[in-house]
Amino acid sequence: MDLNKVMLIGRLGKDPELKYTQSGVAVVTFSIATSNQWKDTEGNKQEKTEWHNIKAWRGLAETCGSYLKKGSKVYVEGKLEMSTWESDGKKNYKTEINLDN
């Protein structure tokens, strides 16, 4: 059995972007930031922020688009999905979290 599960708690970096496919299916995208804080060997506070690309579909997309705003603290669950494409002869990669909850 395999498992592809991501759970994050973070804050939205900007308002979600809700769009509809040509067939009328709702899709929302947004990014959330998660931060990690620690003290270095000299006792100075350090912080690192990671940004995560999020995508949701259908009813969940519409809910996210209606209720989430920049700065909202959210808990999300989903699975990692990587996409690749070529542009100007260069291969590009994007990792997103496709939401379940």
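This is a predicted model: local features need pLDDT of at least 70, side-chain atom pairs count only at pLDDT 80 or more; totals for chains, interfaces and linings use all residues.
Me: Let's start with Glu77. Why is Glu77 called buried?
Reply: Its relative accessibility is 14%. Buried means under 20%, so Glu77 gets that label. For orientation, Glu77 sits in strand S5.

Me: What makes the Glu77 and Lys5 pair a salt bridge?
Reply: The two side chains come to 2.8 Å, N to O. The cut-off is a Lys or Arg side-chain nitrogen within 4 Å of an Asp or Glu carboxyl oxygen, so the pair counts as a salt bridge. This pair also links distant parts of the chain: Glu77 is in strand S5, Lys5 is in the segment before S1, and they are 72 residues apart.

Me: And Lys5, why is that one called partly exposed?
Reply: Lys5 has 41% relative accessibility.

Me: What makes the link between Glu77 and Tyr75 a polar contact?
Reply: Their side chains are joined at 2.5 Å. A polar contact needs N or O atoms within 3.5 Å, one able to donate a hydrogen and the other to accept it, so this link qualifies. The Glu77 side chain also makes a polar contact with the side chain of Lys5, at 2.8 Å.

Me: Which residues does Glu77 touch, leaving out those up to four places away in sequence?
Reply: Glu77 touches Lys5, Val6, Met7, Asn98, Leu99, Asp100 and Asn101.

Me: Met7 is on that list. Is Met7 buried or exposed, and how do you know?
Reply: Met7 comes out at 54% relative accessibility. Exposed means over 50%, so Met7 counts as exposed. Met7 lies in strand S1, residues 6-12. Together with Ile9 and Tyr75, Met7 forms a nonpolar patch on the surface, with about 340 Å² of accessible area together.

Me: How do you know that S1 pairs with S5?
Reply: Six bridges join S1 to S5 (residues 73-87). Pairing takes at least two bridges, so these strands are paired, and they run antiparallel. One of the residues involved is Arg11, whose bridge partner in S5 is Lys73.

Me: What about S1 and S3: what makes them a pair?
Reply: S1 and S3 (residues 26-39) have two bridges between them. The requirement is at least two, so S1 and S3 pair, again in the antiparallel sense. Arg11 turns up here too, with Ala33 as its bridge partner in S3.

Me: Back to charges. How many salt bridges does a search of the whole structure find?
Reply: The search finds six. Among them is the one between Glu50 and Lys48, at 3.2 Å, N to O. Both of these residues are partly exposed, because Glu50 has 37% relative accessible area and Lys48 has 49%.

Me: Why does the Glu96 and Lys94 pair count as a salt bridge?
Reply: The N to O distance is 3.6 Å. The limit is within 4 Å, so the pair counts as a salt bridge. Salt bridges that share partners join Lys55, Lys94 and Glu96 into one network.

Me: Are Glu96 and Lys94 buried or partly exposed?
Reply: Glu96 is at 12%, and buried means under 20%, so Glu96 is buried. Lys94 is at 33%, so Lys94 is partly exposed.

Conventions
Residues are numbered from 1 along each chain as its sequence is written. Side-chain values use heavy atoms; hydrogens and water are left out. Patches are made of residues with over 30% relative accessible area and no salt bridge: like charges are joined within 9 Å, nonpolar side chains (Val, Leu, Ile, Met, Phe, Trp, Tyr) within 5 Å. Accessible areas come from the Shrake-Rupley method with a 1.4 Å probe; for residues, only the protein chains shown count as cover. Helices (H or I, at least four residues) and strands (E, at least two) are DSSP runs, numbered from the N terminus. Buried means under 20% relative accessible area, exposed over 50%, partly exposed in between (1.4 Å probe, protein chains only). Contact means heavy atoms within 4.5 Å.
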